[in-house]
Amino acid sequence: MKKFSIVLGTLILTVCLCSTALAGEAQDRLKVGIENVINILADASLKGPAKRDVRQQKLRAVADGFFDWRELSRRAAAEGWKKFTPKQQDDFVASFSELLQKTYVRKLEKYNNEKVEYLGEQIADNQAFLKTQVALKDKTIPINYVMIKHSQWMVYDVVVEGVSLVKNYRTQFAKILSRETPDALILRIKDKIKSLDAGKNVDDVAS
Amino acid sequence: MMSHEKATPMHILSRSLLATLALTLLCSSVALATGAAQTTTAAPASVAQKPEAPSLLLAYGDVDIWDETGQIIKKPAKGEKMTMSDAAAATPDPLEGWNRMWFGFNDKLYFWAMKPVAQGYSAVIPERPRIWVGNFFHNLMFPVRFVSLMLQGKPDAAAVETSRFIGNTAFGLGGFADITADSKPYKPIGSTEKDLGLTFGYWGMDNGMYLVWPFIGPSSARDTVGYAGDYFLTPISYIHPWYWSVATKGYDKINEVSMRIGDYESLKEASVDPYEAVRDAYLRNRYKKIND
C-alpha cells in the first residue's frame with residue numbers, strides 16, 4: 001500500500017509538473033520579451049532624447065527576438081501576399097516591420113511603469129493565445145497576444161481592446177491593393193517611414 | 001499491544017491517502033490557475049452565421065483558431081472564415097467620400113483646436129483633479145448605463161451600477177471621488193460601460209452602415225440612433241440655456257482628451273490609411289464592447 005501510494009503520488013506529481021511546464025512555454029517567451037523591453041525603458045542610463053537612437057536600436061533587437069515579422073506581414077497582406085513576387089514579399093516584410101517597430105517604439109516611449117498582468121493562455125497545435133492587461137491610471141487595457149511556434153514561440157498578432165493589429169492593417173492593405181500595385185503599397189509604407197523619420201519629435205503627422 | 005501493532009499500517013495508509021489528496025488539490029489548483037482564463041462565459045457563437053457581403057477577407061485562406069476575445073472558433077463551415085468581429089468590421093461604407101470629408105474635418109478639429117486647448121488645460125490643471133472631473137462626468141452619465149443594462153436584461157449589473165452611483169454621489173463628494181472603484185461585486189457581472197447603441201447591438205441589430213459625424217466622430221447607423229437616445233438620458237443635456245449645456249459637454253470632452261493625448265496621434269502615425277484604420281478599430285472595438 002505504501003509503495004503504491006508513493007508510485008501514485010510520484011505519477012500525479014510528474015503529470016502535474018509536466019502540464020504546467022508545457023502550459024507556460026509560450027507565456028514565458030512573451031514574459032521574457034516584455035520584461036526585456038521594460039528593462040530597457042526603465043534603464044536610467046538609456047533615458048533622455050540624446051540616447052534615443054541607442055535605446056531604439058536595443059528595443060528593436062528585443063522586438064526582433066519575439067515578433068515573427070514574416071508571419072505577421074503575410075497575414076496582414078492576406079490574399080495580396082500570393083500576388084507578391086518573392087522579392088516583393090521580402091521588401092514588404094522589411095518595410096512593414098520597420099514601420100511597426102518605429103511606431104511601436106514610439107508608443108512604448110510613453111511607458112510609465114504600468115504593470116502588465118498575465119491572465120492566462122490557450123494552446124492549439126503550434127499556436128497560442130495569451131491574455132494580458134495593462135493597468136493605466138484611470139482604466140485597464142486588455143492586450144491579447146497570438147503566438148506561433150515554428151522553431152520557437154513568436155508573436156504574430158496583438159489584439160488591443162478587441163482590435164487586432166494584423167486585421168486592422170489587412171483592411172488598409174486590401175483597400176490599397178484593390179486600386180494599386182504591390183510596389184505602390186510598399187512605396188507608401190516606405191514614404192510613411194520617411195515622414196516619421198523627418199518629423200521625429202512632432203506628434204502631428206500630416207495626412 | 002495488539003491495537004498498537006494495527007495502528008502503524010493504518011497510520012501509513014492514512015498518511016499516504018492524505019498525501020495523495022494534497023497532491024490532487026495542488027494539481028487542481030494549478031490547473032485552475034492556469035486554466036482560469038480559458039473558461040469562457042456564455043457568449044454568442046464566434047463564427048458569423050451568414051456573411052452576406054462577399055469580402056476580400058473571405059477569400060483569405062488562413063483560418064484563425066481564436067477570435068479577438070480568445071474564444072475558439074468552432075469548425076468554420078465552407079465560406080465562414082470571418083469571426084463576428086470581422087463581420088462587424090465589414091459593415092458597408094456607401095458614403096465613403098462624405099465620411100472621409102468629415103474624417104478630415106475632425107482631424108483638423110483635433111489638431112488645431114481640441115489638442116492645443118487640452119494641452120493648455122493639462123498644463124494648468126494637474127492630472128489628479130482631471131481624473132476627479134472625469135469621475136464626476138462619468139458618474140453623471142449613470143442613467144445611460146442604467147437604462148441600457150436594464151434593456152439588456154441585466155438587473156444585477158444595473159443594481160451594481162445603481163449602488164456605485166449612490167455611493168459615489170453621497171460619499172464621494174458628488175461623484176468626484178470614485179470611492180466604489182475597488183469594491184467588486186460578489187459575483188462577476190461583466191462590463192457596465194453600456195450605451196443604447198451597444199444595447200441595440202446586444203439585441204442583434206447590425207451596424208447598418210458606417211458613418212462619420214462632425215464633432216462626434218466615427219459612428220454607424222445603429223449607433224447614431226443610440227446616440228440620439230443617449231442624449232435624452234444625459235442629465236447635462238437638460239442644462240438651461242442650451243449653450244451652457246454645450247459648454248459643459250465641451251468641457252467634459254476637453255478633460256477627456258487631456259487624458260488621452262497621443263493615442264490618436266500614434267494610431268494615425270502607424271497607419272497607411274488612417275481613415276480605414278479608424279473605421280476598422282471603431283467597428284471592432286464596438287463589437288467587443290457589446291459582448292463585454
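Predicted model: local features only at pLDDT ≥ 70, side-chain atom pairs only at ≥ 80, totals over all residues.
Two strands count as paired when DSSP finds at least two bridges between them. Chain A has an open sheet of 5 strands in the order 1-2-3-4-5, with antiparallel pairing. Strand 1 (115–124) and strand 5 (163–164) of chain A sit at the edges with a single partner strand each, so one side of each has no neighbour in the sheet. Further in, strand 3 (residues 140–149) and strand 4 (residues 153–160) of chain A run antiparallel and are joined by 7 bridges. One bridge pairs A:Y145 with A:V158, which lies in strand 4 of chain A.

Now for the helices. The axes of helix 2 (residues 52–66) and helix 5 (residues 86–109) of chain A come within 10 Å and cross at roughly 115 degrees. Angles of 65 to 115 degrees count as roughly perpendicular, and these two helices of chain A are therefore put in that class. Helix 2 of chain A passes helix 5 of chain A in a right-handed crossing. On the helix 2 side, the contact is made by A:Q56, A:L59, A:R60 and A:A63, while helix 5 brings A:Q101, A:Y104, A:V105 and A:L108. Sorted by class, the residues of this contact are 5 nonpolar, 2 polar and 1 charged.

A:I40 belongs to helix 1 (residues 2–42) of chain A. It counts as partly exposed because it has 19 C-beta neighbours inside 10 Å. Setting aside neighbours within four places in sequence, A:I40 is in contact with A:L46, A:R55, A:K58, A:L59 and A:V62. As for A:V134, 94 residues apart from A:I40 along the chain, the C-alpha atoms of the two are separated by 18 Å.

Notes: Residues numbered from 1 in each chain as written. Chains lettered and ligands numbered in written order. Axes fitted to C-alpha atoms, helices over the stretch in contact; angles between N-to-C directions. Helix = DSSP H or I, 4+ residues; strand = E, 2+ residues; numbered from the N terminus. Parallel < 35°, antiparallel > 145°, perpendicular 65-115°, else oblique. Left-handed = near helix turned anticlockwise from the far one by under 90°. Contact = placed C-beta atoms within 7 Å. Nonpolar A, V, L, I, M, F, W, Y, C, P; charged D, E, K, R; others polar. Buried ≥ 20, exposed ≤ 12 C-beta atoms within 10 Å, placed from the backbone.
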